[in-house]
Amino acid sequence: MSNLAFALIIFSAVMHATWNTLVKQSRHKTVFIWWMFVASMFPFTAIIAVVNEPFHWPGLHTLTMISIGSVSFVLYHLLNGRAYREGDLSIIYPLSQTSMVYVPIWGVLLLRERLSFIGICGILLVIFGTFCVQMQRVSLAELARPFRDLKSSSVRAALLAGFIYSIGSIAEKTGVRDYPPVFFTYFLVIAMLCLMTLNLCRPKYRDLITEEWRGNWRLILWSGPTVMLSFLSFRYGLNMARVGYAVPVRQVSIMVGVLIGIFFLRESFGRMRLISAALIVAGAALIRLG
């Protein structure tokens, strides 16, 4: 992985953790995410107007990838929301990140990517570090805790969210290979916003839209540019790197989230989570070398 691709994906991970922190502070998560995408459209449109990139309308193949990606990512958000209603964050979040287990497999089988031995070791280390985040102590029983009750609807929703996200990652990797990432991302965000808007047309959300804006308009305005930077930097990095490497490296966002939780939100089990964050960083470094 080149230095530029690695830097872009790391920056995207920081931005990803930042907007997730803003979402956590909101009242109604589904409505806040919709407002966040609305707020992102203004800086996105401004960039599109001045970007030094020749524009052409996407072809059928690109539109197909945009459609698959937007449906996958919207379903990912909806399934995560359903899982969090009943499950604990420490259990659900690692399970929803299982996309990085599938993505390298899809990359090899569908995109004919080749992963080095060092790169594979880095991916496995990131996966291990991600699952260690939810541990309260060092034990095999703790590591297996999220999988103990597969009958739970929240566990199944989180696992399905991770699988669906992996499909979206392959679609966008295919899309940015044949179409400028800035325009692909712009149309992807528009498609996601349209799908989210359809979901919010249901009667139960009507009063919540205004309520969320009145209560968190400052967070919404901050979240828009943040999610835009996260989306753009990742897709430019994705265009330069193997998708089997890019998605695991982006899990550095978990490390950022851990640090925010320990030093700003005063969350417990800080030592175990710092060890997990160190494993993720070590895995990302191996992927960079691979």
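**Close-up 1. Packing of helices α9 and α10.** Axes here are lines fitted to C-alpha atoms, for helices over the stretch in contact, and angles run from 0 to 180 degrees between N-to-C directions. The model is predicted. Helix α9 spans residues 181-200, and helix α10 spans residues 206-240. The two pack at an angle of about 145 degrees. Their axes lie 10 Å apart. The crossing of α9 past α10 is right-handed.

**Close-up 2. Residues where α9 meets α10.** From α9 come Pro181, Val182, Thr185, Leu188, Val189, Met192 and Leu200. They meet Ile209, Phe231, Leu232, Arg235, Tyr236 and Asn239 of α10. By class, this contact has ten nonpolar residues, two polar residues and one charged residue. Arg235 counts as charged because Asp, Glu, Lys and Arg make up that class.

**Close-up 3. A salt bridge between Glu172 and Arg235.** Arg235, one of the α10 residues that meet α9, also forms a salt bridge with Glu172. The closest N and O atoms of the pair are 2.7 Å apart. Glu172 lies in helix α8 (residues 153-178) and Arg235 in helix α10, so the bridge ties together parts that are 63 residues apart in sequence. The count of salt bridges in the model comes to one.

**Close-up 4. Surroundings of Phe187.** Phe187 sits in helix α9. Leaving out residues up to four places away in sequence, Phe187 touches Phe55, Trp57, Pro58, Ile66 and Tyr179. Ile66 is 121 residues from Phe187 along the chain. Even so, the C-alpha atoms of Phe187 and Ile66 are separated by 7.1 Å.

**Close-up 5. A nonpolar patch on the surface.** Val71, Leu75, Leu78, Leu195 and Leu198 form this patch. Together they have about 400 Å² of accessible area. Helix α3 (60-86) and helix α9 each supply at least two of the patch residues. The largest share, three residues, comes from α3. Leu75 is placed in helix α3.

How values were computed. Residues are numbered from 1 along each chain as its sequence is written. This is a predicted model: local features need pLDDT of at least 70, side-chain atom pairs count only at pLDDT 80 or more; totals for chains, interfaces and linings use all residues. Side-chain values use heavy atoms; hydrogens and water are left out. Helices (H or I, at least four residues) and strands (E, at least two) are DSSP runs, numbered from the N terminus. A crossing is left-handed if the near helix is turned anticlockwise from the far one by less than a right angle, and right-handed if clockwise. Contact means heavy atoms within 4.5 Å. Patches are made of residues with over 30% relative accessible area and no salt bridge: like charges are joined within 9 Å, nonpolar side chains (Val, Leu, Ile, Met, Phe, Trp, Tyr) within 5 Å. Accessible areas come from the Shrake-Rupley method with a 1.4 Å probe; for residues, only the protein chains shown count as cover. A salt bridge is a side-chain nitrogen of Lys or Arg within 4 Å of a carboxyl oxygen of Asp or Glu.
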